[in-house]
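Reader: I have the sequence and the model open side by side. Could we go through a sheet and a helix, one question at a time?

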Amino acid sequence: MSISVNQQAKVFHLQTAHSSYIFHVMANGDLGQLYFGRKIHVKDHYDNLAKRERREAMVSWGNDVDDFQPDNLKTEYAAFGRGDFRDPAYQIAAENGSRISELAYAGYHIDEGKARLSELPSAFGQPSEGVQTLTIDLADPLTGLQASLHYSVFEQEDVIVRSTTFSNLSDNKIILRRAMSAQLDLPDSRFQMISFAGSWARERQEVKNALKPGIQSVGSLRTASSHQENPFIMLARPETTEDTGDVFAFNLIYSGNFLDQVEVNHYDLTRVLIGIHPEEFAWTLDPNESFQTPEAVLSFSKQGFNQLSQQLTNFYANHLVNPRFAKQSRPILVNNWEATYFDFNEDKLLAIAKKAAELGIELFVLDDGWFGHRDDDHTSLGDWFVDKKKLPQGLPHLADAVHGLGLKFGLWFEPEMISMASELYKKHPDWLIASPKRQPIAGRNQYVLDFTRNEIVDAVFQMMAQRIEESHLDYVKWDMNRYITDMFGSELPADRQLEMAHRYILGVYHLYQRLIDRFPDVLFESCASGGGRFDLGMMYYAPQAWTSDNTDALSRIQIQYGTSYGYAPSMMGAHVSDVPNYQTGRITPLSTRGRVAYFGDLGYELDITKLSEKEQQEIKKQVAFYKRHRQLFQFGTFYRLQSPFAGDKNVASWEVVNADRTLAITARYQFLNRPNPAYLRLYFKGLSPDRLYRINGSEETFFGDELENAGYAVDQILDINQPMTASADFSAHLFIAQAVE
Ligand code: DGJ
């Protein structure tokens, strides 16, 4: 039983394997937050945790309860305008314009398992997996507003998923002006907030700051989770390390505008709010209508960041990612984008595919430029029919040839977009998002289709479905290369315009769901100019995402390292590309590029036909090596060992360990060589302390506890004839710990 309820004292205690989450009903009927953190015993009540003193110069709730001061309390889902002056979890506007409401406890029920949401990506779980869902009903009799707070407890993975459903039980309309997915009030502010900021080509770089009084937040108003910020954040005690200490994780299963806000108030209480960004949101509830927020993922670890990431990874594999693919080996692909850009014909593509098959690669992906008349990025988005100039025999012909080589075949789409130079635009100039009479702003010379309109989503579905069907596609890369401006819904009334951004994302999800329902065996990879939509909403539909357009091995170490805090290696598309690298101009060894890309879903994105025989042979070996250890790289337990964001930022290392701890692969990356360096040892993690291991087939054997605590010597002296054997610039070394039989 992961949910314990004391019906008399109205105390709710949610327990996962290692954490407790406790709240209760307070004197005013509101929900008070009592505790979230390390697991503690279930008791009848926790009066001590709820203790509050009356403080001066504060408003009090109710005329006769003057020691009940909302600004002084920790609550579960705060209202606006009733004495709690922190930002609220929700706010309404009633028909008469009043923004005041007050939700009081009205009952609860527990469901076994966790059902999927119908229109949104969501967590799911079976009763047999120990998953339970608690719903607390709250009601405001004066406005007729009802809210249900949902808490799903994923006991084994140490995750709690929260969301809120609002219903209008009045005869009047109620406008939701803010509807956050979750609120968490913590008793003090001694935390570092860790977030992942960036931009195109440098996504998810770790940012760490001590909390300060007032509001600190990350968010997006780009109608995408964005390159710039990510919905995944952590709050960690200052002393927390990769292996020890308390840390909380927060993420949102959503791909649109979001806000993760942390507010520290005058009593040092910390309030976390996570949900749809209220700036670009309002939702009108007519009588009897409901609104469901996206789901928020909350998780706690007392064993540092690695443990937290691992429990999240388990949660994604068991309860978020499409089960058809969640634990399924992902194919090694070759993508023609950086090999040819728009300049290809069937011969060129087939030459790459043929070479790919020879090298052991498994999937050929035809990227941008196969449709309409797309020779550059000015035209043809929306015209999802083949460009006969480039592929005169059509897509099915190419697909057959690729399949004939024993490869899977995948295709690129950018379903949400439209070029003005397109047949689609000629036919439907009113399908793009634009504000009346105003020229919409272009991004990469393209515009955005109004996915709030069913007929548009349906037309795109029909075109995509035809292509998928006729070419028997095995894989689809769904790209999205600009953020949304000129937000206006031509079909939405004036007073519902603030629904547009959320409705747009619902349209995207709807199309994904329709395609998956129709083509359950097609693997989707999401992409948004690289990693601009690397979020849990996308991962629900597309089990992997293109991590970044920056394929430079050194940049990728940072990007993948940052991403690994909140996401799984199997979610990260990781490709070996050409040198000098297109984004950084850097020349890194092919071995380094491979050894970085191994720690994700390996792919190649360069013209492999133009490589020397030696390079081709090296790739063949990489592919064979990756296949041998694919399960480990994609689904092994991942440990961060040395951060490229810490110290002198010159070294990074990470490790994957298999389930029975008989095999671990550690990679150590050195950015620049240091002459005559200090002695170095590499410390493994996650091994069996009592087992003996060989490192890279060494004669000497090492106990697991020895490798973890005493470490393994790293060669330092540069042999100029074999630069990759030591700590040369841009070097990468693998240390394979294999248990002795
Ligand atoms: C951006 C993506 O991130 C690239 O991988 C590639 O698909 C291009 N778009 C194609 O336009």
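**A sheet and a helix**

Author: The model is a predicted one. In it, an open sheet of six strands runs in the order β31-β32-β33-β38-β35-β36, with antiparallel pairing.

Reader: Which strands stand at the edges of the sheet?

Author: A strand at the edge has a single partner strand, so one side of that strand is left without a neighbour in the sheet. The strands in this position are β31 (637-642) and β36 (702-703).

Reader: Which residue in β36 stands opposite Leu692?

Author: Strand β35 covers residues 692-695 and pairs with β36 in the antiparallel sense, over two bridges. Across from Leu692, the residue in β36 is Phe703.

Reader: What angle does the direction of helix α11 make with that of β38?

Author: Helix α11 (residues 590-597) packs on the sheet and touches β32 (651-657), β33 (663-670) and β38 (731-739). Its direction and that of β38 make an angle of about 50°.

Reader: Which elements do the buried residues of α4 pack against?

Author: Helix α4 has 14 residues, 346-359, and reaches 20 Å from its first C-alpha to its last, close to the 20 Å expected. Its buried residues include Leu349, Leu350, Ile352 and Leu359. The buried residues of α4 pack against β21 (333-335), α3 (337-340), β22 (363-366), α5 (395-404) and α12 (613-635).

Reader: Which residue follows α4, and what is its phi?

Author: At the start of α4, a side-chain oxygen of Asn345 comes to within 3.1 Å of the backbone nitrogen of Asp347. After the helix comes Gly360, with a positive phi, near 100°.

Methods:
Residues are numbered from 1 along each chain as its sequence is written. This is a predicted model: local features need pLDDT of at least 70, side-chain atom pairs count only at pLDDT 80 or more; totals for chains, interfaces and linings use all residues. Side-chain values use heavy atoms; hydrogens and water are left out. Helices (H or I, at least four residues) and strands (E, at least two) are DSSP runs, numbered from the N terminus. The expected span of a helix is 1.5 Å times one less than its number of residues. Buried means under 20% relative accessible area, exposed over 50%, partly exposed in between (1.4 Å probe, protein chains only). Contact means heavy atoms within 4.5 Å. A polar contact is a pair of N or O atoms within 3.5 Å; within protein, one must be able to donate a hydrogen and the other to accept it, and residues adjacent in sequence count only if both atoms are side-chain atoms. Two strands pair if DSSP finds at least two bridges between them. Axes are lines fitted to C-alpha atoms, for helices over the stretch in contact, and angles run from 0 to 180 degrees between N-to-C directions.
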